[in-house]
Amino acid sequence: MDFSILLKIAGIGILTAFISFILKKSDKDEIATFATLAGLILVILLIVDMLGGLFDTIKSIFALY
Amino acid sequence: MLFKLFAIGIIGVILVLLLRTAKPEFAVLATIATGIVLVIVLVNSLSGAVVAFTRIVEKSGLPEGIFATILKIIGIGYLTEYSASICEDAGCASIAQKLQLGGKLVIFMLAIGIVTRLVDVVTSLAETL
């Protein structure tokens, strides 16, 4: 699990950058913003899920209920 | 285990730099993700230490509440530092300071319990003299 998620996030980031670049070049700017937004939301969901897991582990270790 | 940590850290930094040129928003998310992965690798070894520590405290006969509060304070201190440093990375130092203030307040509230217990012990000692 551990650092494959990092590569996934980097991949999504580069892909969105690439897609929005192509869309901008074919002068479809509003779709480019939507594509970037979609990529961003996907990554945010991944990160929030990981953050929840991290806070749960720390809560269980330090008995921080 | 240590080398795994170094590897993840370096890979994370490289990804963050890569993303910073392409898409700055993703750079912040990549720093958060690297932070989480590093901490998860660390936390597993930390739990062993905490269990050993609780056993020592039980033998030493201290009242149970004190060590639990100390553990809580350590946990809160760590989490506050973690989130404050992420905010600083993202560039908003003012939010980081607010988080640190909040963490300090919570730790202060927890510490009040120990201080009152200390005062009770001292007063009871003073009475016996």
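Analyst: Phe3(B) counts as exposed, because its relative accessibility is 67%; buried means under 20% relative accessible area, exposed over 50%, and partly exposed in between, with a 1.4 Å probe and protein chains only. The model is predicted, so local features need pLDDT of at least 70 and side-chain atom pairs count only at pLDDT 80 or more, while totals for chains, interfaces and linings use all residues. Residues are numbered from 1 along each chain as its sequence is written, chains are lettered from A and ligands numbered from 1 in the order in which they are written, and side-chain values use heavy atoms, leaving out hydrogens and water.

Phe6(B), at 45% relative accessibility, counts as partly exposed. Both Phe3(B) and Phe6(B) belong to helix 1 (residues 2–22) of chain B, where they are 3 residues apart, about one turn of the helix. Helices are DSSP runs (H or I, at least four residues), numbered from the N terminus. An α-helix has 3.6 residues a turn, so residues three or four places apart point the same way.

Rings of Phe, Tyr and Trp (its six-membered ring) pair if their centres lie within 6.5 Å; planes under 30 degrees apart count as stacked, over 60 as edge-to-face and the rest as tilted. By this rule there are 3 aromatic pairs over all chains. One of them joins Phe3(B) and Phe6(B) edge-to-face, at 6.3 Å centre to centre with 80 degrees between the planes.

Phe53(B) and Phe67(B) form a stacked pair, with 5.5 Å between centres and 15 degrees between the planes. This pair links distant parts of the chain, 14 residues apart: Phe53(B) is in helix 2 of chain B and Phe67(B) in helix 3 (residues 64–90) of chain B. Phe53(B) is partly exposed at 47% relative accessibility, whereas Phe67(B) is buried at 9%.

Helix 2 (residues 24–60) of chain B also holds Thr34(B), which counts as buried because its relative accessibility is 8%. Apart from neighbours within four places in sequence, Thr34(B) is in contact (heavy atoms within 4.5 Å) with Leu6(A), Ile8(B), Gly12(B) and Val16(B).

The contact of the two chains takes 32 residues from chain B and 30 residues from chain A. Together they bury about 2,700 Å², 91% of it on carbon and sulfur atoms; buried area is the accessible area (1.4 Å probe) that two parts lose on being put together, summed over both.

Technical notes. Helices (H or I, at least four residues) and strands (E, at least two) are DSSP runs, numbered from the N terminus.
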